[in-house]
Amino acid sequence: MRKKTLLSFALVVGVLALATPLVVAYRLAQQDGHDEANAYLESLALDVLRRSDATRAQIDMAVLLLRSGPPLLPCSEEQLARMRVVVARSSYLVGFGYLDGTRLMCSTMATFEAPVELGPPHRINPPHIWSWGGVALPGVPGALFNINAHDEYAAIIAPQLVIDILDQNSTLSLSQVGGHPPRMLRTRGVFKREWLAHYDGKPAEFTDAEHFVVVRPSHNGQNEVFAAMTRDQVEGLIRSAAWRRMPIGLLVGVLLAALVFLIARNRLSFKTELQAALKRHEFFLLYQPVIDLRHGRCTGAEALIRWHRSDGVVVPPMVFIPAAEKSGMIQKITASVLQMVARDAAQLLRDNPQTHIAINFSAEDLHSPQTESRLQALVRECGAASHNIIIEATESGLMSPEKARGILARIRQQGFRVAIDDFGTGNSSLSYLATYDLDFLKIDKSFVDDLGNDPSSTQMAFHIIQIARSLGLQMIAEGVETERQRDILRDAGVQFAQGYVFGKPMPMADLAEFIRQRNGPAVDKP
Ligand code: C2E
Ligand code: CA
Ligand code: CA
């Protein structure tokens, strides 16, 4: 359950770790796309404003030049020639003309048969500058001009010269609007009347259903340029920004997800769980009484470990001991078992100095030089003697005699006793078991189970009893569940037994009570 929760949590975090950088990268790409659109449209708008300022400056300069020098007869060849000179000097003017009120009397563009009536000026700004937009001139078919008049001089401007800063195929829109009420000065592409809501002398950016628009006013606030691109074009910029951003987002996402995976794997690993369990003191011991079959007294108990996880689940040792052995945690667990025995059994061993506590050792424990000192610490701490402790070693623990023999020999020399556990369940050959100095042989439950029922296993049990005798070992039968099994074993000469028929593994307090009841009151030591 806890694992499942952690797993689903890790999955959610992993997906988030992968997705978040991608989302962030896309958001940044959106921002990039917008910024790019904004910057480009702004540069266009400013360019138009710059050109329109330049146009105005050129007109001012041209008018100044025309007024300098001796006055010439209006529309005379001399005056037109002078006008042609100033037109040639200015890049944004296409022509000049002479005005009489609102009538254009002549121009450098074409000769008129009659004056051209321009009508009321579209703009007067400042008072002496009159402007007309979209003027068709006779002799120049198909073109419309803007005319700016300084008193009698009319500068003729091709509006597209200012606004045609984009190539012919560009689908961007550019419009310059001026005056109050606003009038279109020049335009290319799309311009929507609604956009004039933003004609207020302030820079603006806005988006409508189809367009993204950037508005920039001129320095003097007399006109504004609207530069627009379609939303599809903005999307295109976002897409190309995404191509740049997303691979990095993906890379970061994959790295983060991998990190989450590694952390989760570490968290979920049994080793980490066992470490945490040790730290949280989730292990405890139960003690199963061992009975002397000859007189029925309890001679001691086997310490059996239990793991009470914080989520309430009790994990059986058959599940976590093999995992602890595989993950290199078993020595830490054994060290903790020894400490728990020292704490649990001190009182019992003081009250019953003849009883023993049997402790299960794994192969690693039998190969570790620390085992000896840990056992010494155990008897010291609980004020017991080394003969109070029996080490239970499995066949697999004895598989590497070169590693185990020295330690076992030293332990036995100090008075600790050693039992071979689960005898007959492994593949160990008798020949090398015979080379160890041992004290007890534990007859595995599997041989005890069918005692008296199945003749072949009964035979096996007797065979094992024979081997124990020949090795000079005392016997402890395991898993005795019935009185019949108990009687057969006793009659066959087995000295000790443990099993549910006597008592299940129990807490130390219960064991002390069990021993009191079974053996009579403890003899008080002097
Ligand atoms: P084991 O050393 O052979 O322990 C005997 C197992 O048989 C215990 O299971 C015990 O509860 C069970 N048992 C005893 N009498 C009966 C009975 O009459 N009927 C039945 N059905 N079962 C009985 P447990 O406690 O689950 O331990 C299983 C194994 O876990 C142990 O087998 C031992 O190999 C290992 N183990 C337990 N505690 C430790 C420990 O502290 N350290 C190490 N290294 N291994 C341990
Ligand atoms: Ca055992
Ligand atoms: Ca056993």
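What spacing do the donors of the calcium ion (ligand 3) follow along the chain?

**Entry 1: ligand 3.** I read the spacing of the donors of the calcium ion (ligand 3) as D-D-x55-E. Donors here are N, O and S atoms within 2.8 Å of the metal, or 3.2 Å for Na, K and Ca; water is not among the atoms, so sites may look incomplete. The protein donors are Asp 421 (OD), Asp 422 (OD), Glu 478 (OE) and Glu 478 (OE), and they lie 2.1 to 2.4 Å from the ion. I placed Asp 422 in strand S18 and Glu 478 in the loop between strand S20 (474–477) and helix H14 (483–491); this pair, 56 residues apart, links distant parts of the chain. Helices (H or I, at least four residues) and strands (E, at least two) are DSSP runs, numbered from the N terminus.

**Entry 2: basis.** I note that this is a predicted model, where local features need pLDDT of at least 70 and side-chain atom pairs count only at pLDDT 80 or more, while totals for chains, interfaces and linings use all residues. Residues are numbered from 1 along each chain as its sequence is written, chains are lettered from A and ligands numbered from 1 in the order in which they are written, and side-chain values use heavy atoms, with hydrogens and water left out.

**Entry 3: ligand 2.** Glu 302 lies in strand S14 and Asn 360 in strand S16 (residues 356–361), so the pair ties together parts that are 58 residues apart in sequence. I also checked the two ions against each other: ligand 2 and ligand 3 are 4.1 Å apart, and Asp 421 coordinates both.

**Entry 4: ligand 1.** I found 21 residues around ligand 1, the closest being Gln 288, Arg 306, Lys 445, Glu 481 and Tyr 500; a residue is near if one of its heavy atoms lies within 4 Å. By class, this shell has nine nonpolar, five polar and seven charged residues. Strand S14 gives the largest share, four residues.

I then looked up polar contacts (pairs of N or O atoms within 3.5 Å). A nitrogen atom of ligand 1 is 2.5 Å from an N or O atom in the side chain of Glu 481. A polar backbone atom of Ile 305 is 3.1 Å from a nitrogen atom of the ligand. Glu 302 has a polar side-chain atom 3.1 Å from an oxygen atom of ligand 1.

Conventions: Polar contact = N/O pair within 3.5 Å; in protein donor to acceptor, adjacent residues only side chain to side chain. Nonpolar A, V, L, I, M, F, W, Y, C, P; charged D, E, K, R; others polar.
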